[in-house]
Amino acid sequence: MIYSAEVTNMCPVAKGAYHGPAPIPEEGKWVQAKEIKDISGLTHGIGWCAPQQGACKLTLNVKDGIIEEALVETIGCSGMTHSAAMASEILIGKTILEALNTDLVCDAINVAMRELFLQIVYGRTQTAFSENGLPIGAGLEDLGKGLRSQVGTMFATKAKGPRYLEMAEGYVTRTALDDKDQIIGYEFIHLGKMMDFIKKGDSPADALEKAKGKYGRFDDAAKYIDPRKE
């Protein structure tokens, strides 16, 4: 280490009391985090690319400083899905410091990693006060039984009004309107369940019917419309 002449000529003065870093909450414990291995927690966060054309929701489950589980969900440009595929391979097994300083292919995923890093190292995780945190695999609970992201897709114009295209329940096939043309419900297909039925041997037509559901006052409608065609 190189010291300037001014520092070299200074007389030494003893350092006072050292109390260490402030403890942060981690998985039901208060921890004085001094090294990467002192960090644990599960949390979620959102990132976005510089032109703001896409976003990433990232979920990380960190144990003893190592990323043991990652859920990467993206929406926006088509290239983000391939970036997410690569990021899922890159993230696991790295320390959170390594992941912060690794190119995760997509700018939105990199920004999400930055935001999660801040949450995790400052003790703001979802599991800060949950004893022992959550097991590896807990991220899948966000996706439900069909293992699909919760997506909301709506389109609307002043001239023709709103069109519900996809809800958390699934792909919207029909919208129910009352006698004033106001939306009062919708029919949907849970695509995850539909694919599960097909994999079990059901015909596509049977799987489609079994995966259908409806929401609201769908049966009381004055008329029904296909939101993608009408």
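A: Happy to! Keep in mind that this is a predicted model. Rolling a probe the size of a water molecule over the atoms shows where empty space is left. Here, the largest pocket holds about 390 Å³ of space.

Q: Which residues lie nearest the centre of the largest pocket?
A: They are E73, T74, S149, Q150 and V151, out of 16 lining residues. Strand 4 (55-63) and strand 5 (66-75) are the elements that each give two or more residues to that lining.

Q: What about the largest nonpolar core: which residues have the most contacts inside it?
A: Look for L58, L60, L91, I109 and M113, within a core of 24 residues. Strand 4, strand 5, helix 2 (79-91), helix 3 (96-100) and helix 4 each supply at least two of its residues, and helix 4 gives the most, with seven. Beyond its neighbours up to four places away in sequence, M113 touches L58, L60, L91, I96, A99, L100 and L104. Another core, of five residues, lies apart and includes M194, F197, A207 and A211.

Q: What does the side chain of T125 reach?
A: The backbone nitrogen of A128, at 3.1 Å. Setting aside neighbours within four places in sequence, T125 is also in contact with G41, L42, T43, Q119 and I120.

Notes:
Residues are numbered from 1 along each chain as its sequence is written. This is a predicted model: local features need pLDDT of at least 70, side-chain atom pairs count only at pLDDT 80 or more; totals for chains, interfaces and linings use all residues. Side-chain values use heavy atoms; hydrogens and water are left out. On a 1 Å grid over the protein atoms alone, a cavity is a set of points where a 1.4 Å probe fits but cannot get out, and a pocket is an open set with protein on both sides within 12 Å along at least five of seven lines; lining residues have an atom within 4 Å of a point. Grid points are joined across faces, edges and corners, and a volume is the space filled by probe spheres set on the points. Helices (H or I, at least four residues) and strands (E, at least two) are DSSP runs, numbered from the N terminus. A polar contact is a pair of N or O atoms within 3.5 Å; within protein, one must be able to donate a hydrogen and the other to accept it, and residues adjacent in sequence count only if both atoms are side-chain atoms. Contact means heavy atoms within 4.5 Å. A nonpolar core is a set of buried Ala, Val, Leu, Ile, Met, Phe, Trp, Tyr and Cys residues joined through side-chain atoms within 4.5 Å. Buried means under 20% relative accessible area, exposed over 50%, partly exposed in between (1.4 Å probe, protein chains only).
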